[in-house]
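Hi,

Here is the structure I said I'd pass on.

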Amino acid sequence: MMDCEIADDGEVYIEDADIIAETTLDDEDLPDCSDEDDEYDEQADFDAGVFALACSPTNPLLVATGGGDDRGFLWKIGQGDWGAELGGHKDTVTSIAFSSDGQFVASGGFDSVVNVWDASGNFKCKLEVPVPDEKMKKKAPPTGGFEWVSWHPTDHVVLAGSNDFSFFGKTNDFSAGMWGLNTGAFTELSGHRGSITCGDFTPDGKTICTGSSDLTLRIWSSETGDPIYVVGGHPYHNKGLTCLAITSDSRCALTGSEDGSVKIVNIKTGKVVGTLSPGHSDAVKCIGLSRSPSFFPCAATGGKDERLVIWDLERSSPRSICNLESEVTCLTWIGTSRYVAAGCADGDIVIWDALSGDKVKTFRGHSECIESLSVSCNQDFLVSGSASASGDATDSHGTARVFEIAGYR
């Protein structure tokens, strides 16, 4: 068990001596992890910022990371002798996700490509936007890249959204793409007029929601790719969308915006049915829904205003407003528990009790902005990824860390 200095407010200050293992990666190396049984604080250095990470939904030790060095990695917590490089990208890996059955992992990059591997790190396929002919490709090649990737909840279908993309030479037309691994079919979801900043399948798999900097939420059929609703204008957001979350019954989408508001949209009707207020005074950066069956419907949002807000969805009002010391950049609920982990721009990771509104622990060790958080499927570990020291994807090192969180299940 490592020794930590614990302050009166419950914050944990991690000293250099607390780090079990630290390894610098080159082209052939992967994160080296300790096999200590009691408590973890593992760190792995990467050639650039770690911008995306995901824990496997079926293997509690398996983690995928992607970053500014144009590479991804598969590695196992506590098993430094196992790992695989996920190569093939020519630009920053912006997003990474496991399929719901844990068989595959997909990574999206600024190179306009989604690559897919199996859970052992064997390359399966490259998913690209089809271009009618080489002449068209040379005349108007795809620009920009993918902001995020997501998997269908029950099928091997990948969804990805673009940040500055023109398909087939069309201008001012930003699209999401959907690929079927089994069929090879590609479906374009075309219509947004700005970067597609967020998106996902509904839990029942029947519908897709995408949010954009064009101030709209679009709702699509996942079977055909046909548009169903466009949500925008009054009383919706008046600045671009930044994040979304979909309720477990597939009925509502919660969306956050640069305008600081959080809206509730009925997916079945395309109507705005609520606003969570009062809450943030600046851009909402992240949102997550509680999966706990034991207490009230609850959501959490983090903002540029240095606040984490816990929302009572039955009343559409804050249950508690948690003030931090820097911008909240990402968050995740810890399984079905009442605890929320929030990553901050100053490198802190703070755990809050959603019922009491109390801060129960702060993990320190990162020196730069937390870009991504993920919880292992057995809820023993919290994995975090941070930016490079300068914020430049080509400069310095980012880190991935593993913290033990079994006490917060």
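A definition to start with: buried means under 20% relative accessible area, exposed over 50%, and partly exposed in between (1.4 Å probe, protein chains only). By that rule W179 is buried, at 4% relative accessibility, and F146 is buried too, at 0%.

Some housekeeping: this is a predicted model, where local features need pLDDT of at least 70, side-chain atom pairs count only at pLDDT 80 or more, and totals for chains, interfaces and linings use all residues. Residues are numbered from 1 along each chain as its sequence is written, and side-chain values use heavy atoms, leaving out hydrogens and water.

Now the rings. Phe, Tyr and Trp rings (six-membered ring for Trp) pair if their centres lie within 6.5 Å; planes under 30 degrees apart are stacked, over 60 edge-to-face, the rest tilted. There are six aromatic pairs in the structure. One of them is F146 with W179, edge-to-face at 5.9 Å centre to centre and 85° between the planes. F146 sits in strand β13 and W179 in β15, so this pair ties together parts 33 residues apart in sequence. (Strands are DSSP runs of E, at least two residues, numbered from the N terminus.) F146, W179 and F186 make up one aromatic cluster.

Another pair, F363 and F403, is stacked: 4.5 Å centre to centre, 25° between the planes. Both F363 and F403 are buried.

Last one: the charged end of K76 sits over the ring of W82, 4.5 Å from its centre. That label needs NZ of Lys or CZ of Arg within 6 Å of the ring centre and within 35 degrees of the ring normal.

Cheers

Note on methods:
Helices (H or I, at least four residues) and strands (E, at least two) are DSSP runs, numbered from the N terminus.
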